[in-house]
Amino acid sequence: MRLTINGKSHEVDVDPTTPLLWVIREQVGLTGTKYGCGIAQCGACTVHVNGIPMRSCSVPVSAASDAKITTIEGLASGKVLHKVQKAWIDHDVPQCGYCQSGMIMAVAALLKAKPKPTDADIDASITNICRCGTFQQVREAIHAAAKAA
Amino acid sequence: MTAIPKFTRRSFLISSAALGGGLALGLRLPPFGPAVVRAADGSPEITVWVAIRPDNTTLIRAVRAEMGQGTITGLAQLIAEELDCDWSKVEIEYPTPGQSVARKRAWGEFSTGGSRGIRQSNEYVRKGGAAARMMLVQAAANEWKVSPSECTASNSVITHKASGRKTTYGKVAEAAARLDQPKDVPLKDPKTWKIAGKPLKRLDTAKKVNGTMEYGMDLKMPGMLNAAVKDCPVFGGKVKSFDAARISGMRGVKKVVQVGDSGVAVIADTWWNAKTALEQLPVVWDEGPNAKVSSADIAEVLKEGLDAEQAFVGNKAGGDVKAALAGAAKKVEAVYSYPYQNHACMEPMNATVRWTADRCEMWGPTQNGEGAFAQVLEASGLPADKVDVHNVMLGGGFGRRGTYPNDYVTQAVLIAKQMPGTPIKMIWSREEDMAHGRYHPVMQCKLSGGLDASGNLTGLHMRLSGQSILAAVRPEVVQAQKGRDPLSFQGVFESGEHSLTYTVPNLLVDHAMRNPHVPPGFWRGVNINQNAVFIESFMDELAEAGGQDPLEFRRKLLGNSPRALGVLNAVAQKIGWSKPAPAGVYRGLAQMKAFDSFVAAACEISVKDGNKVKVHRIVAATDPGYAVNPAQIERQVAGSFVYGLSALFFQECTVKDGRIEQTNFHNYNSMRIAQMPKVETILMPTGGPVWGGIGEPTICVAAPAVLNAYAKATGKRIRSVPLKNHGIELV
């Protein structure tokens, strides 16, 4: 099966029912996308599939074989960070950081769909779990990234 | 780092608690004679906390665990402050427990729990930085043939004012490393700090925004295999048999193994294949004596303890409490309860181990490097010089990644031993993580209070009944106290870092210890969580019964605790307690002393349809004595409300047929951004001889402040956690 991840094509030999998350982590070797729950609850595994944020733990790899997949490793343009990554650094958002790959991917997709999100937009679309509790900084950084656009 | 000399297993004590004595002074111990000790890259070590590269980069050593709480950045600030080095050229180096053991515990305590990371090591790490500065300056002065008192150091540059000569730390480091350690190492007055005490950014953020930070879960090694593990779902049960042949032909499967008495594991090429096969593995369990135990059974046992004759006393004042209560003009009584809760770190438990007959190493997340080292030592059967532990960034800790018996580190070694030479990464599924936590212990509490005719508190009996963490995890501490667990009284204890702040004329706090079979653990804040819910909710109940304002009622009891009064007054003022709340908005507050910090919170909530709670705003004040990084403290305080309010509203682990019923975040929920209140932090360090903790104290005031506001809003006093059991939602 062929997968296109961050603009690069990968041939993988897996059971087609394997979740996209585990193919990205274990076959392709990109470990920035995290396992948190395996049932699409926590969002730590969020990647973009054809630009749409998806919880890759619950997407069978077969459903993504023709798609353009972007992971946290492919969010920046070369060495130029995405505005969400920049805002995350400026606002010192991550604590343990484990959920932040998924959080950043979810926010990047939100800003693409709604470049100037309101607090209500953020509440409706960012549903990732963060046990350290970075939400206050996440909200600040989302607004800052929106302004930077 | 240097090679490790031989060390026999016998000479290393297994219990990390027993390792408490003899903290490193931050000074280089010279078991290696006059030779310079070198960092991994060959840079000379000045003191154990500082090595300097020729290019003037400072390598700061850290042995405490980083799990998001910012401890490593804070400790680096303290060392850099005393060292007067260039903060922009600081890098962190992590000595291993094996290296520390080989150097007579040169780096002291590794354990990172109890909010101790900074407060307990601040003095010796600062001395390590200050001593290094003195040695670097001395080396420059020697070269210039002047007195070191004529030289100054700043930003990794040493200047001799009189002659205008300058040099860098990098240039004199080799010479400095050959000097004797100074004996008298004065520390700076915190008022003069330029690096410590400032809201500097964390040192580890860049890798956390591009996916390159390596957590235990992400480790890759040549030839590595993966293991999925399942332990008997009933605590105390064992493996009777399993049918490996049924899955041995499944995709990627290499080996099916038993893990100790109670677990089975599948080793495969990928973790996904291992987990998929494990789910198909037929296992027969011997579920043991606890196979029928339920939450109701446990609650019954605890309930009996509420009125039991025998109980351990944790705090006592004045005369006979029972007499005081009998003679009170008004008596108030209430029973509270607090459930089992799982830490639910975002990164499930995992560890990677390679075992050979000659060497065993573990790479993985732990809050206690030395504790993990002792466990690897024990499980591997090898001597201490053939064992080591390499800590990595933790995807959350919250107390779960401390050292517990028969836990994930031991499992990983037992698995790797069955495939010598192959590194094996063992990962727990979220379901396994939920089934085999080290749970926040269950506790019930009966409070009886007496008021005089004017509504003043004359007597208070607080009877705790429930589980002791230390009895399970550190039985030697409980034995030394003749069966009492002093930690069960956190926040209401007679003395020390968790002492009760209120002065009550007649007081008795006692604990009927009841230990069910569910394994307990240190859960962020530990026993302050339930004790704050109990005492701070009851304070409001007493105030109401006496017709008093809850703030005024508390103030009267805090006359002997000016710092507690300070934080309480601060939150009351900022929330606007003396003025009416906006229409439909209700306020509550709470205060406590824990981990030697004083904390208080005041909140504003509204309640729709009687059960939909919106927490609009929380003002939180903290007096930790000293603030090393105010920006990181703010983040710990705000995050505490996410952890604490998730626990209050959603989280309970129930027991059925001896096992935990909750399996994942769909039935063990955690707060989302939409539910996050605005948190306003007041940081008010008042100095003094004692440094307080940060990561945990604030969490305990979250729940009672909201419970008190809810009672104001609805007239209903909720006395058991979580609120979902009362049909209450957080919106």
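1. B:Ala372 sits in helix H8 of chain B, residues 369-380. Helices here are DSSP runs of H or I with at least four residues, strands are E runs of at least two, and both are numbered from the N terminus. The model is predicted: local features need pLDDT of at least 70, side-chain atom pairs count only at pLDDT 80 or more, and totals for chains, interfaces and linings use all residues. Residues are numbered from 1 along each chain as its sequence is written, with chains lettered from A and ligands numbered from 1 in the order in which they are written.

2. Is B:Ala372 buried or exposed? B:Ala372 counts as buried because 32 C-beta neighbours lie inside 10 Å. The cut-offs are 20 or more other C-beta atoms within 10 Å for buried, 12 or fewer for exposed, and partly exposed in between, with C-beta atoms placed from the backbone. Leaving aside residues up to four places away in sequence, B:Ala372 touches B:Met362, B:Thr366, B:Val389, B:Thr403 and B:Val409. Contact means C-beta atoms, placed from the backbone, within 7 Å. B:Arg401 is 29 residues from B:Ala372 in sequence, and the C-alpha to C-alpha distance is 9.5 Å.

3. Confidence comes next. Chain B has a mean pLDDT of 94, and 95% of its residues reach 70 or more. pLDDT is the predictor's confidence in each residue, from 0 to 100. Residues 1-33 of chain B stay under 50, and the model has 75 contacts for them beyond four places in sequence. For the complex, the predictor gives an ipTM of 0.98 and a pTM of 0.95.

4. Chain A has an open sheet of five strands, ordered E2-E1-E5-E3-E4, with mixed pairing. Strands E2 (8-11) and E4 (52-55) of chain A stand at the edges with a single partner strand each, so one side of each has no neighbour in the sheet. Strand E3 of chain A (residues 46-49) pairs antiparallel with E4(A) over four bridges; pairing requires at least two DSSP bridges. A:Thr46 stands opposite A:Arg55 of E4(A). Helix H3 of chain A (residues 100-113) lies across E3 and E4 of chain A, at about 40° to E3(A). Axes are lines fitted to C-alpha atoms, for helices over the stretch in contact, with angles from 0 to 180 degrees between N-to-C directions.

5. The contact between the chains takes 46 residues from chain B and 46 residues from chain A. On the chain B side, H16(B) gives the largest share, eight residues. That side has 22 nonpolar, 14 polar and ten charged residues. Ala, Val, Leu, Ile, Met, Phe, Trp, Tyr, Cys and Pro count as nonpolar, Asp, Glu, Lys and Arg as charged, and the others, Gly among them, as polar.

6. Helices H3 (residues 122-144) and H4 (residues 169-177) of chain B pack at about 90°, axes 8 Å apart. H3(B) is therefore roughly perpendicular to H4(B). Residues making the contact include B:Met135 and B:Leu136 of H3(B), and B:Tyr169 and B:Val172 of H4(B).

7. Strands E23 (residues 597-608) and E24 (residues 612-623) of chain B run antiparallel, joined by eleven bridges. B:Ala600 has B:Ala621 as its bridge partner in E24(B). The two strands form a hairpin with three residues between them, and B:Asp609 in the turn has a positive phi of about 55°. E24(B) also runs parallel to strand E27 of chain B (residues 678-683), through six bridges.

Key
Two residues are in contact if their C-beta atoms, placed from the backbone, lie within 7 Å. Angles under 35 degrees count as roughly parallel, over 145 as roughly antiparallel, 65 to 115 as roughly perpendicular and the rest as oblique.
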